[in-house]
Amino acid sequence: MADYLSLTNEEREEMLKVIGVKTLDDLFDDIPSHLRVKNLNLPEGKSQQETYEFFRELAKKNNVYDSIFRGAGSYDHFIPSVVKNIVSRNEFVTAYTPYQAELSQGILQSIFEYQTMICNLTGMDVSNASHYSGATAAAEGCLMCTDKVKKIVTFDNINPDNLEVLKTYLLVRGVELTVLPSKDGKACLDTEEVFGGVYIESPNFFGLIEDVAALAEKAHEKGAMAVLNANPVAYGILKNAKELGVDIAVGEAQPLGLPMSFGGPYIGYMATTAKNMRKIPGRIVGETVDTEGNKAYVLTLQAREQHIRREKASSNICSNEALCALTVGCYLSAVGKEGLKEVAVASVSNAHYLAKGLEKKGASLKYKGEFFHEFVTVTPGKAEKINEALKKANILGGLVLDNDTILWCCTEKANKKSMDKVIEIAGGVL
Amino acid sequence: MKTIFEISREGKRAVTFAPLTVEEYKFDEALERKEDLVLPAVAEVDLVRHYMALSKRAFGVDDGFYPLGSCTMKYNPKVNEEVASLEQFTMVHPKQDNDSIQGSLELMSDLSGALCEITGMDAITLQPCAGAHGEYTGLQLIKAYHKDRGDDKRVKIIVPDSAHGTNPASAVMAGFQVVSVKSNDEKGVDLEDLKNVVGEDTAALMLTNPTTLGLFEKNIEKISEIVHNAGGLLYYDGANLNAVMGVVRPGDMGFDVVHLNLHKTFSTPHGGGGPGSGPVGCKAALKKFLPNPVIVKNGEKYEFVNSEKSIGKVTGNYGNFGVMVKALAYIYTLGGEGLKNASQTAVLNANYLKAGLEDLYPTEEGRHCMHEFVCSLQKLKDETGVSAMDIAKSMIDGRIHPPTMYFPLIVHEALMFEPTETENKATLDNAIELLRGLYKKAFENPEELHSAPHTGQIKRPDDVRAARNPILK
C-alpha cells in the first residue's frame, strides 16, 4: 500500500508528546464513540505498481476508435503536443485558485490572456475566467437576462443536453422556458410572448448556421437580450458574436485543445458586453499595478462573488476550469489565427465532402440550410445498420437520432481516405 | 513580464496541420467574419518559453507548503495523473455505444460505491463539476424531495454564520431563501437559535462537520434531531471531510445529502482553480431525484438509465470524468485503512502546528482541532498594528503559501491553517519557526510586515484600482 505520507513513527510519537496526548485517538475525543465507524468496507490498499496495472486493465474495457465522425457536443480535434506538454507543468497543475496575487502572477496572467483571446474570438468586451461547461455557461448566461422578465425563449434545435441543463437551472429559479418549434431545422422566433432573453445555438444541434443577427434584432425590439452559444472553431471563419449583435456569448471550448475524455473536464466560455460587466458570473482577472507601480494581475470585480456577497452574489460558482482555460489559451496561441482558420475550413470542407459522398450512395440531407461541420442524413430504417457496419471497421459513425437519421461530424482529423471508407461502408448498407 | 500578445509577430506560427485532401468549401461572404481575429502569432519555442516563464511565476503544492485552510492542499500523486491520461480514457467520446465504454462506466460505478461507503450514503451522482456545483445539485435534490411529498412551503435553507460563502449563494441559485443561524460560544451551532429559526418552512440546514473553525460539532445529534423533527433535512458540505475519513461518516451523523470535493479530499489537483469534481451523495429516499443519467449494473453490463423524477441534468455530459479517474486511483491505492490513516495524520499535523503557535497566535482554547484551525490576530493587531494580512503576506517571503485569511467571518483577523497529512515534521517545524519569528518582528519592525512580501513576484497589488478601472483584456 502506498500512503503518500512523510512521517516516521518516531516523529509521530514526538509530535503527540508536543501536543500533550498519548495516542492519535485522543485527538478525536470530541467525536462520540457510538458514531465512529469501525472499518470502511473498501478493497485493501494497493502499491503504486498494482494501481497502475489495475487501471490499465480497466481502461482496456473501453474502445478507442480509429476514426470518429461523431460530434453532438464533443469534438475530436488534433491536439498539438506542445499544448499537452505545457499544461502538465506541476506549477500550474498543483496550484489553488490564485487568491494570493503576489505568488500567482503566472496563473493570473494565463487567465488574463485567455480572457483576451475569448474577447477577440467573440468580439465581446468582457470574458470570465471560465465556467464548468458549455451547458452551464449557457444556463447562467440565460439567468443574466432574467432581472426584469422571468422568461427565456429558445428552440427545439438546440443540443438536447443543453436544453436539459437550461431546464434544471431556470425552472428552479421560477424562470419560464419556452421552446419554440424550428422550421426546416432553423430557429424561428415567431412569438407574441414577452421574454427576458432568447437563447440561440449556431451552428445549431443539426449543424445549421442560424440567422443570428435577425433573431437578436427581434429580441432587442422586445427589450430582451440575445444569448448565443457557438462552437468557438466557427469563429475562425464565421461572423462573431459582436458582428451578429448578441449580448452574451457562451459555448463549449472543448474543441480548442481538450480531449473528449468521456465528456469532461471541459470548459464553458462566457463573454458579454461592457454593459453586463458586473452581472457576469465567475472569476475575472484584471490588470492593475502594485505599490511600486509595476504591472500586476489580480482577481477582480469580486463584489459579484459568493465569498463577498454570499446570498446576494451573481452566482455560486467558485472553482471553475482554470487548467482548461490554460489549455485553451495555449492551443489558440499554438495554432494562431491562421491555424484556427485552417481547422475550421478543413472541418467544413470535409463535412461537405462526406455529405456529398453519402448523398451519392442514396442518403439524403434532412435540411437544406448552410451547415458548418455537422449535418443530418436520412436513410430510412438504416441508421443503426450503417453505424454497426462502420463499427466493424473500428469507425465511430455519426450519432443516430432515430431509425432514419444520423447526425454526422467531421473535423480536420478526417481526410479523403477515411471519408471514402465511410462512404463505401455506408453505401454497402444502402 | 510581457503578454503573449506582446511577443507575437505576424508571420510566425507554432503548429501546422495536414493539407486539405478534398475541395475547399467556401461560405457566402455574408456569413464570413469581417473583424480581424487577433490571436498570438508565435513560434513553438517562443510559446514554450512564455508558458515556462508563467509557470515559474506560479506556486503549486509541488513547490512548497500550502496550508490554505479549507482547501486541503495535499500532495497530488503522480500515478493518478498517468492513469488518467491513458488513451482509452482520454480518447473516448461521451456518446459512444454502451459496449465500447464499459471501462468508464465500471470506473464511475466503483467510485460511486466507494464514496457511498466513505460517506455512509445510499446513492451518489458524479455529475457536478465542483464543490459549489455539488451544493447546488444537493439542494435541488432536497427541493425535489419536499415537492414530491406535496410539501411546497419549505422555501428556506438555514446556514450558520460561520459557513462558506458558497452555501448561501448555492441556496439562492437553487431557488431558496436563506436564513442565518448564530454560532454559540464554542463556535458551533447555537441550539436555542436553531430552535427559533426552524419550522414548517425549513427545507434544510447546511453544515460542515468539522465546522469551518476546524472543530467537531459535538451537538451534531441534537442538531439532527431538531432539524428532522421540524421536517427539514440535513445537508453536509464536504469541504472538511479530510478530517474524518474512516473515522465518522456523515450518513451516521444524521446527514441526508452530502457533497464532496474530489479536488480536495481525494487528492486530485486543483489546476489553479479547477477542474474539480463535486459528487453528491444522498440517502435512499432522495435517490430517485439524482441527476440523469445514473449508472446501473445489469447482469455483467453497466448501463446509463434515466429516472423519471430526476431533477434533470446539471451539466452537459457525466461530469469531470478525468478527475474521477484520479480520485478512484487515490482511493484504491490507500484502501480503507489508508484513508483513515490519512485523516488521522491530517489531524495530527494540524494539532502539532497549532501546538507550536497557539501561545502567540490564539485559537479556540482547550480543544483539539481537527484537520485545520483558526487563529485570531486581533490582539496582535491591537498591540502592533500588524494585521492577519501582513502576517500572511510575510509568509510568502518564507516560501510558504499563506493560509486562508479573514475567514470564517465570525473570527476577527482570522488566519486558517490546514497543513494536510502529506507534510512532514520538518516542514511544520519550519513554518512554526517562521511564524514565531514574524510575531516577534511585529513588535520590533512592524513596517517590514506592512510592506511584505519583499521577495514576491510583485508587491501588494492595488485591488481598488483594478475594480474601479477594470482592465480585463
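Predicted model: local features only at pLDDT ≥ 70, side-chain atom pairs only at ≥ 80, totals over all residues.
How many residue pairs are in polar contact between chain B and chain A, counting those with both at pLDDT 80 or more? The count is 94.

Helix α10 of chain B, residues 321–357, gives the most to the side that touches chain A, with 26 residues. By class, that side of chain B has 99 nonpolar, 53 polar and 45 charged residues. In total, 197 residues of chain B are in contact with 188 residues of chain A. Together the chains bury about 16,400 Å² between them. Carbon and sulfur atoms account for 63% of it. In chain B, M173(B), L472(B) and K473(B) lose the most area to chain A, together 5% of what that side buries.

Now look at the charges. There are 12 salt bridges between chain B and chain A. One of them joins K95(B) to D161(A), 2.7 Å from N to O. Another joins D99(B) to K391(A), also 2.7 Å from N to O. Here D99(B) sits in the loop between α3 and α4 of chain B, while K391(A) lies in helix α11 of chain A. D99(B) is partly exposed at 44% relative accessible area. K391(A) is partly exposed too, at 28%.

Over all chains, the count comes to 48 salt bridges. Within chain A, E193(A) pairs with K151(A), with the closest N and O atoms 2.3 Å apart. The two residues are 42 residues apart in the chain. K151(A) counts as buried, because its relative accessibility is 12% and the cut-off is under 20%. E193(A) is partly exposed at 25%.

Finally, a network of salt bridges links D30(A), E186(B), K218(B) and R367(B). Within it, K218(B) and E186(B) meet at 3.7 Å, N to O.

Conventions:
Residues numbered from 1 in each chain as written. Chains lettered and ligands numbered in written order. Heavy atoms only, no water. Contact = heavy atoms within 4.5 Å. Buried area = accessible area lost by both parts, 1.4 Å probe. Salt bridge = Lys/Arg side-chain N within 4 Å of Asp/Glu carboxyl O. Polar contact = N/O pair within 3.5 Å; in protein donor to acceptor, adjacent residues only side chain to side chain. Helix = DSSP H or I, 4+ residues; strand = E, 2+ residues; numbered from the N terminus. Nonpolar A, V, L, I, M, F, W, Y, C, P; charged D, E, K, R; others polar. Buried < 20%, exposed > 50% of the residue type's maximum accessible area, 1.4 Å probe, protein only.
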